[in-house]
Amino acid sequence: SAYVLICSAHPDTRLEALDIVRKLGVTVDGVASATQALDAMQRREIHLLVLDRAHPPADMPQLQQALTSDHPLLPV
């Protein structure tokens, strides 16, 4: 089944997005930082990364680098 990861530094935005995706019947987790996102990516296959552009994590450059080098085909 599909697995979606929500990445937002803003707790309310993250919780709202989690609720929306759960209602679609999709497995979803939320993280607040690039470090947490990268950890989740190592633990299981992610099919979609939803990135909050209004509230990006402080360590966003680390996530962008990993997406470019290690996960270039991951839909964001």
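This report walks through a predicted model, from its sheet to the helices around it.

## The sheet

Three strands form an open sheet in the order β2-β1-β3, with parallel pairing. The edges belong to β2 and β3. Each has a single partner strand, so one side of each lacks a neighbour in the sheet. On average, neighbouring strands are turned by 20° against each other, direction ignored.

β1 and β2 are joined by five bridges in the parallel sense. Val 4 has Val 28 of β2 as its bridge partner. Tyr 3 stands opposite Thr 27, also in β2. On the β3 side, β1 is held by four bridges, and these two strands run parallel. Here Ile 6 stands opposite Val 50.

How many of the five residues of β1 are buried? Five of the five are, so the strand is largely enclosed by the rest of the structure. Both faces of β1 are covered. Tyr 3, Leu 5 and Cys 7 are buried on one side. Val 4 and Ile 6 are buried on the other.

α1 covers residues 11–23, 13 residues in total. From first C-alpha to last it reaches 18 Å, close to the 18 Å expected at 1.5 Å a residue. α1 lies across β1 and β2, and runs at about 175° to β2.

The buried residues of α1 are Arg 14, Ala 17, Leu 18 and Val 21. Seen down the helix axis, they fall within an arc of 105°, so they line one face of α1. An α-helix has 3.6 residues a turn, so residues three or four places apart point the same way. β1 and β2 are among the elements that cover this buried set. The face turned away carries Asp 12, Leu 15, Glu 16 and Lys 23, which are exposed. After α1 comes Gly 25, with a positive phi near 80°.

## Helix α2

α2 spans residues 34–43. Its buried residues are Ala 34, Ala 37, Leu 38, Ala 40 and Met 41. They cover an arc of only 160° around the axis, which puts them on the same side of α2. Gln 42 and Arg 43 are exposed on the other side.

What do the buried residues of α2 pack against? Their partners are β1 (3–7), β2 (27–31), β3 (48–51) and α3 (60–70).

## Helix α3

In α3, the buried residues are Met 60, Leu 63, Ala 66 and Leu 67. Their arc around the axis is only 125°, which places them on the same side of α3. The face turned away from that side carries Pro 61, Gln 65 and Thr 68, which are exposed. The buried residues of α3 pack against β1, α2 and β3.

Leu 63 sits in helix α3. Is this residue buried or exposed? Leu 63 has a relative accessible area of 0%. The cut-off for buried is under 20%, so Leu 63 counts as buried.

Which residues does Leu 63 touch, leaving aside neighbours within four places in sequence? Its contacts are Cys 7, Ala 34, Ala 37, Leu 38, Met 41, Leu 49 and Leu 51. Cys 7 is a buried residue of β1. Ala 34, Ala 37, Leu 38 and Met 41 are among the buried residues of α2. Leu 63 and Ala 37 lie 26 residues apart along the chain, and their C-alpha atoms are separated by 7.7 Å.

Terms used
Residues are numbered from 1 along each chain as its sequence is written. This is a predicted model: local features need pLDDT of at least 70, side-chain atom pairs count only at pLDDT 80 or more; totals for chains, interfaces and linings use all residues. Side-chain values use heavy atoms; hydrogens and water are left out. Buried means under 20% relative accessible area, exposed over 50%, partly exposed in between (1.4 Å probe, protein chains only). The arc is that of the directions from the helix axis to the C-beta atoms. Contact means heavy atoms within 4.5 Å. The expected span of a helix is 1.5 Å times one less than its number of residues. Two strands pair if DSSP finds at least two bridges between them. Axes are lines fitted to C-alpha atoms, for helices over the stretch in contact, and angles run from 0 to 180 degrees between N-to-C directions.
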